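The terms are given with their cut-offs as they come up.

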Amino acid sequence: MIPQSHFLILGALLFAIGLYGALTRRTAIGILMSIELILNAANINLITFNKFLGSPDGLGQIFALFVIAIAAASAVVGLVLVIAVYRNMKTIFTEKMNMLKW
Amino acid sequence: MVKYAHLIPLFPFIAFAINILFGRRLKKASAFVSITASSIALVISAVTFIGNLNGEGSYTIAKWIFLNGVPLNFGVTVDPLSCMMLLVVTIVGTLIQIYSMGYMHDDARFSRFFAYMSLFMGSMLGLLLADNFVMLYMFWEGVGLCSYLLISFWFEKPAAARAGMKAFITTRIGDTGLLIGILLLFFSAKTLYFKDLGGLAINDTTLTAVGILIFCGAIGKSAQFPLHVWLPDAMEGPTPVSALIHAATMVAAGVYLIARCYGLFISHHTALITVAYVGAITAFMAASIALVNNDIKRILAYSTISQLGLMMLGLGVGGYESGTFHLMTHAFFKALLFLCAGSIIHSIHIEDDPAMHTQDIRKMGGLFPKMKITGTTLIIAGLAIAGIPPLSGFWSKDELLSEIINTGHPVLFAVAALTSLMTAFYIFRLIFLVLFGKARPGVHAHESPYVMTIPLSILAVFSIFAGFFRPVRPDFLTMGISTAIAVIGIGLAYSFYILNNKILSADVRARFAFLYRLLSNKYYIDEIYEAALIKPCFRLAESAARFDLGVVDGAVNLTARVSVVLSKMQSWFDLYIVDGIVNMVANIAWLCSAILRRLQTGLVQNYILIAFFGLAIIILIKLIGG
Amino acid sequence: MVSGPIQLLNNLLNNYGLPQGFIVQASFYVIAASAVISALGVVTSRNIFHCAIFLAFSLFCVAGVYLFLSAEFLAVVQVLIYVGAIVTLFLFAIMLTANIGDRSIRHTNRQVLAGGVVAIIISVFFIFIIIREPWKKALMQAQPLTLQEIGKSLMSVYALPFEVISLILLAALVGAIVIGKVKKE
């Protein structure tokens, strides 16, 4: 029997790793991938609590389903934006995308 | 009928405005503007004259101001004196302006000349119509200004510019007296109206002073002794100006002023007799100078002074009518004399220098055959001024003489008679030298154009018949005496300058050479003024200038230098202390922001990092605290 | 209880004398460790293409973890959507933009150290909190949620969020096409 805390620790580790990636990646694609990791960490937590705390109609799992859908949407839009920016500015590095800055 | 009298000066003023504003475009047409305005003024003057004959008189146009509680209105004087003067001024003025079209034909400032002439006409007519001293003084200064402008009309000539200034400054002395007199009158009698002058206190000392001060103004304007020096120099102006302003009208303004204030003078004997004696001295002195002068215009100028002196003398002995009558006749024949002189000067050329128009009568001669109209009119004018019956001058001069002898002034009568003799002599000396005798070699002359000779002819007609305008009281004794005087004068001139007789032997003439020198130097009056007044004035001005340069300017410069030093110190303080503080504040703010702005990197990841760092701190606090 | 395939593996291995549930527990830790390690590869690899591969593997492992949490449907969805769709999308994006072969390009920014420190601190705090907490031992949901139940929930209680999500997906679709379209002059 695997205790609840081990699932939560896995989620925390994935979150921390995703956070590190989001903080340090230079490319927009890298950041997006890190964010996918964070979302997965959140999904693990949602499902864990659904299993261990219980819900009559499976709220945690359905919410995780929604998160996956949102993640898919955000990934699609984010990647299209990356491509559009690359097409116009010929760069994938976030610090170069500063046309709207002062 | 007289209700339009106040419009008389208006038209010349309008003509002035048109000519001064649009003269450049109008060019020769500006003469027609001025002449039209003068003609309209002439017509209205005639209407006014007829209205006055029908018994209509002065009226008030508009309220003006209250002076110390005393009302002062714009009014118009319409009485026989002003009507007569209006007619004389408008007739003579119109004729002279027509004449000027010919005389000034080639002048570069043709329209400017007519603008000034119109301004003068307006001012002079306004002066004649004024019913109080304030209005009179305004127009009085107006004609003085026009006189100045027109004397120095050819200001390129230094002599003309100087003459203008001399006329202005000399008359200013008299005008100051007039102004003081007006103020004194107002504060002593509380009135400024001419019509009130007759009803004032008799033989009052203050009012006597007022009379003499007013006479000062007349002395300046009418070029009486001792302020007569400006008039001969004023002959530097164009000849029509001399004829209009300095013979017929403006110089007569002084006489007009005395006549206008006659109510005051008649009741103050001291003032009146002062007028008489000043007039006598002037008449004699100016006539004697005219005897030996050689400049055709200056002879006429001295003649004008002399005749004005005679008018003053006539007024001074109580001959109001004879004085003003002579004023009228004199206006015609003296204007005619000047215009004849102008015609001669205009047409005469010296061979060597075509541009040279001489004014020296010794260089002329034998001009009569060449200039028949001018010559004839000149002789008519000469006869008129000499007093040959039945020309106008005879009647007025005869009346003056009889007035003087009848009021019991034998000395003054003798002076007047002698003046008349000299008048006849010098005017015929001029005529004989200019018109008859041998023609000088190298001098060419021709008759002037009709635009000039027609006004001459009209004025000649007036010179002949102006004497019949008023009924005469036959006084056969003085008539005989004055006729005899005139004939003797003419005869002397004839024998001297035509027959070339030497009546006096050479040694007698040598003995009286000092007299000639005295006269030809005009009694040294100019030199006396130069030595007694002008030199000290200049010296005073020079020492004042030295004081100004040395002390006042020195003090000013010292102040300036001190303030320069002070302001340099201030500027240093400002630059390094005040600006330093300001810059320091700015630099501190700049330094702080330079440090703080590093927080604002604009990188989203940076912000996220800080946000999670903050989250870590919150968790830490929560763990420790809770 | 763990579900089908792992249960089967458990039953097979029990015959070799291993303790009850040992295989299940061991496989969970192996899967979790591979998820964490491949996630570390995602954030540290210098080649962005390798990152995407690591991400796919990590997400696949997470799908395995879902099996231990009685969420078979979600595990399948995870594999289908994440590994099958999103990571493929990432790979296409990478190939369209980045120069994948160039290892000399720096792929991290200047806050590697600070970010690492913050991430470690955060994870330590989280783990500390998780360990300190006395979690309930009793399982509220013993039976796995069937696909039928999920479908009923989505169509009844959660009908509105479901429709909203579908709208969001539609909007993302349209937006992606509009943004990504090459404008012809």
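Angles between axes under 35 degrees count as roughly parallel, over 145 as roughly antiparallel, 65 to 115 as roughly perpendicular and the rest as oblique. The axes are lines fitted to C-alpha atoms, for helices over the stretch in contact, and the angles run from 0 to 180 degrees between N-to-C directions. Helices (H or I, at least four residues) and strands (E, at least two) are DSSP runs, numbered from the N terminus. Helix H10 (residues 252-260) and helix H13 (residues 296-316) of chain B pack with their axes 10 Å apart and at an angle of about 5 degrees. H10(B) and H13(B) are therefore roughly parallel to each other.

This is a predicted model, in which local features need pLDDT of at least 70 and side-chain atom pairs count only at pLDDT 80 or more, while totals for chains, interfaces and linings use all residues. Residues are numbered from 1 along each chain as its sequence is written, and chains are lettered from A and ligands numbered from 1 in the order in which they are written.

Two residues are in contact if their C-beta atoms, placed from the backbone, lie within 7 Å. Between H10(B) and H13(B), the contact is made by B:Val255, B:Ile258 and B:Ala259 on the H10(B) side and by B:Leu308, B:Met311, B:Met312 and B:Leu315 on the H13(B) side. For classes, Ala, Val, Leu, Ile, Met, Phe, Trp, Tyr, Cys and Pro count as nonpolar, Asp, Glu, Lys and Arg as charged, and the others, Gly among them, as polar. By this division the contact of H10(B) with H13(B) has seven nonpolar, no polar and no charged residues.

Chain B as a whole has 23 helices and four strands. A residue is buried if 20 or more other C-beta atoms lie within 10 Å of its own, exposed if 12 or fewer, and partly exposed in between, with C-beta atoms placed from the backbone. Of the 626 residues of chain B, 48% count as buried. Among contacts in chain B with a separation of 6 or more, 81% are between residues 24 or more positions apart.

A nonpolar core is a set of buried Ala, Val, Leu, Ile, Met, Phe, Trp, Tyr and Cys residues joined through C-beta atoms within 7 Å. The largest such core has 187 residues, of which B:Val92, B:Val255, B:Ile258, B:Ala335 and B:Leu336 touch the most other members. Helix H17 (residues 410-435) of chain B gives the most to this core, 16 residues. Beyond its neighbours within four places in sequence, B:Val92 is in contact with B:Leu244, B:Ala248, B:Thr249, B:Ala331, B:Phe332 and B:Ala335. Another core lies apart from it, with 75 residues that include C:Ala56, C:Ala63, C:Phe68 and C:Ile122.

Helix H9 (residues 239-248) of chain B has ten of its ten residues buried, so it is largely enclosed by the rest of the structure. In helix H14 (residues 320-347) of chain B sits B:Ser343. B:Ser343 is buried, with 28 other C-beta atoms within 10 Å. Not counting residues up to four places away in sequence, B:Ser343 touches B:Thr374, B:Ser448, B:Met452 and B:Leu456.

Now the loops. Most residues other than glycine have a negative phi, and most peptide bonds are trans. B:Lys190, in the loop between helix H6 (158-189) and H7 of chain B, has a positive phi near 55 degrees. B:Lys190 is exposed, with 12 other C-beta atoms within 10 Å. B:Ala223, in the loop between H7 and H8 of chain B, also has a phi near 55 degrees, but counts as buried with 30 C-beta neighbours inside 10 Å. The loop between helix H7 (205-221) and helix H8 (230-233) of chain B also holds B:Pro226, and a cis peptide bond with omega of about 5 degrees joins B:Phe225 and B:Pro226.

Strand E1 (residues 59-67) of chain B has nine residues and the number buried is zero, so it lies largely in the open. Two strands pair if DSSP finds at least two bridges between them. E1(B) is joined by seven bridges to strand E2 (residues 70-76) of chain B, and the two run antiparallel. In their hairpin, with two residues between the strands, B:Asn68 takes a positive phi near 55 degrees.

Last come the contacts between chains. Chain A gives 60 residues and chain C 73 residues to their contact. On the side of chain A, H3(A) has the largest share, 20 residues. That side divides into 41 nonpolar, 13 polar and six charged residues. Between chains C and B, eight residues of chain C are in contact with eight residues of chain B.
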